Amino acid sequence: MVRFGGVPMANESRHAEDPALERTFRGHRSGVTACAFNPNMKQLVSASSDNSLMIWNFKPSMRAYRFAGHADSVLSVAYSPQGECIASGSKDRTVRLWQPSTVGLYTPKVLKAHSGAVRNVRFSADGRNLVSASQDKTLKLWNVNSGKFMSTLSGHTNWVRSGDFSPNGRTVVSTSDDKTVRLWDAEKSVNLFSFDDFFSPTTCARFHPDGTAIATAGEDTAVQLWDVRSKKLVQHYDAAHGGSVNYVSFHPSGNFLLTCSNDNTVKVWDLREGQLFYTLNGHDGPATCCEFSQNGDYFATGGADTNVMVWKTNFDRVLGTYSPGSGNEGKVVTASSEKYAAKLAAEEPETTFAEPPLAPPLPKPSVPSRTTRRVSVAVSPPHATQSNVVTPSPAPPATEPQMPSAPPMPAGTENASGVLPAQLASTLSHIVNQLDVLTRTMSLLEQRLQMNEDKTNKVVQIIGAAAARSDE
């Protein structure tokens, strides 16, 4: 199995809680399309198909602000790494750069170069550059300080859904309705490599925090992780969701991946074990966006139900405290819809964070298993839309997860009755599940090879027919 991360994080312990819903923001008049945290953890910005951006303040004494300017649905929003600038992309074919202030946003810079809707915007890690992905089949690079257009990345043959910079800013990854994921040289504006092992449009791709891998998702409901150096598939989660996967986001440690889907759920994947960690049922409709905060303590989700939800991560301080067959399958943690004064609102969040350690280099690629463990957080949907900040009641205390399964034990470890220890039995069961998934993966590869052979035969037939006509 290819494992990601695995490096203990600061203040990490073996006692974790389930993710807890901290705040629910209501005010958009239509579905939420994107969200992003201010790095100072005092604000959250969201975009909506109601043509507006909204800035949500975590202090209950500060009201939310709505900012208009786009002439059509706002499809993407991003905070610069320094929190000094907000970028938004819209169906009106423009990118706008907003400068936050204590009283609102200054008049934005309007960047015009795309001939189609702008579906995604992302800053580089140093905040100097911006990439925009558009339905005009291109990506464009911008200088943030001057607002000037720098270059165009051309090569996709259909709408481009997303773009993202590598941590060093030298490479850009993109997804498209042409069923490919591409890597680009940001300086030379050339295509470096194309991943074309997809059977449906790809919706989102993000770089791993250490830059060695990318996560991809698409309308085929699957989620994949690819090694950027070897260009090989290293983790594959078939049928990760019950509908199109709309967004993916890496935890800053690189140990977890957040995904959201049209099946109304948000899921957390443990990349060290290669399996599902949590399933969150909070939105009353498709979950359209998700994003971890810069320090990983919180994550936000948005949905077609017009709600923006902020969750306390909790699980990011535990290292492998569960295992398949531990008895936690199907555990449900519920949160009622009554109002309460959330802890996040009562205390001003920290403004400085410890930088997470980088994940170690990836071992030789292989395809790991996907767990069947499902931990669900169900949240009652709101009954009314309000313009002020409304907070739900807290979830009940979470139960402590089980300890991880032990590594294989040497021979002679059976007890006197000849029965294998519980830990060893759990480990063997996990290995059997992995082999089963590997078998299914090999079957999928055989199907792909057969498709390629069929296409090759058709090409040979066409060439042969053309040659026969030319001889006549």
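The sulfur of C204 lies 7.7 Å from the closest cysteine sulfur, that of C290, which is too far for a bond. The model is a predicted one, in which local features require a pLDDT of at least 70 and side-chain atom pairs count only at pLDDT 80 or more, whereas totals for chains, interfaces and linings use all residues. Residues are numbered from 1 along each chain as its sequence is written, and side-chain values use heavy atoms, with hydrogens and water left out. A search of the whole structure returns zero disulfides, a disulfide being a pair of cysteine sulfur atoms within 2.5 Å. C260 likewise takes part in no disulfide, and the nearest cysteine sulfur, in C290, is 3.8 Å away. C204 counts as buried at 1% relative accessibility, and C260 counts as buried at 0%. Here buried denotes under 20% relative accessible area, exposed over 50%, and partly exposed the range in between (1.4 Å probe, protein chains only).

The chain contains two helices and 33 strands. Of the 472 residues, 54% count as buried. The accessible surface of the chain amounts to about 20600 Å², and 51% of this area belongs to carbon and sulfur atoms; areas come from the Shrake-Rupley method with a 1.4 Å probe, and for residues only the protein chains shown count as cover. Among contacts (heavy atoms within 4.5 Å) between residues at least 6 apart in sequence, 56% join residues at least 24 apart.

In soluble globular proteins, nonpolar side chains tend to be buried together. The largest nonpolar core of the model has 32 residues, of which L225, L257 and F315 touch the most other members. A second, separate core comprises 15 residues, including V32, L44, M54 and W56. Such a core is a set of buried Ala, Val, Leu, Ile, Met, Phe, Trp, Tyr and Cys residues joined through side-chain atoms within 4.5 Å.

Two strands are taken to pair if DSSP finds at least two bridges between them. Strand β8 (residues 94-98) pairs with β11 in the antiparallel sense over four bridges, and L97 stands opposite K109 in β11. S80 is located in the loop between β6 (74-79) and β7 (86-90). This residue counts as buried, at 2% relative accessibility. Apart from residues up to four places away in sequence, S80 touches P39, C85 and F123.

Another open sheet of four strands, also with antiparallel pairing, has the order β12-β13-β14-β15. Its edge strands, β12 (118-123) and β15, each pair on one side only, and the twist averages 20° from one strand to the next. Within this sheet, five bridges join the antiparallel strands β13 (residues 129-134) and β14 (residues 138-143). The bridge partner of A133 in β14 is L139.

W159 lies in the loop between β15 (149-154) and β16 (160-165). The residue is partly exposed, its relative accessible area being 35%. Beyond neighbours within four places in sequence, W159 is in contact with R119, S134, Q135, K137, T175, S176 and D177. The C-alpha atoms of W159 and A117, which are 42 residues apart along the chain, are separated by 9.2 Å.

Strand β17 (residues 171-176) is mostly covered, with six of its six residues buried. In a regular strand the side chains alternate between the two faces of the sheet. Both faces of β17 are covered, with T171, V173 and T175 buried on one side and V172, S174 and S176 on the other. Strands β16 and β17 run antiparallel and are joined by five bridges, with F165 opposite V172. The two form a hairpin with five residues between them, and G169 in the turn has a positive phi of about 75°. Five bridges also join β17 to the antiparallel strand β18 (residues 181-185), where V181 is the bridge partner of T175. The hairpin formed by β17 and β18 has four residues between the strands, and K179 in its turn has a positive phi of about 70°.

Conventions. Axes fitted to C-alpha atoms, helices over the stretch in contact; angles between N-to-C directions.
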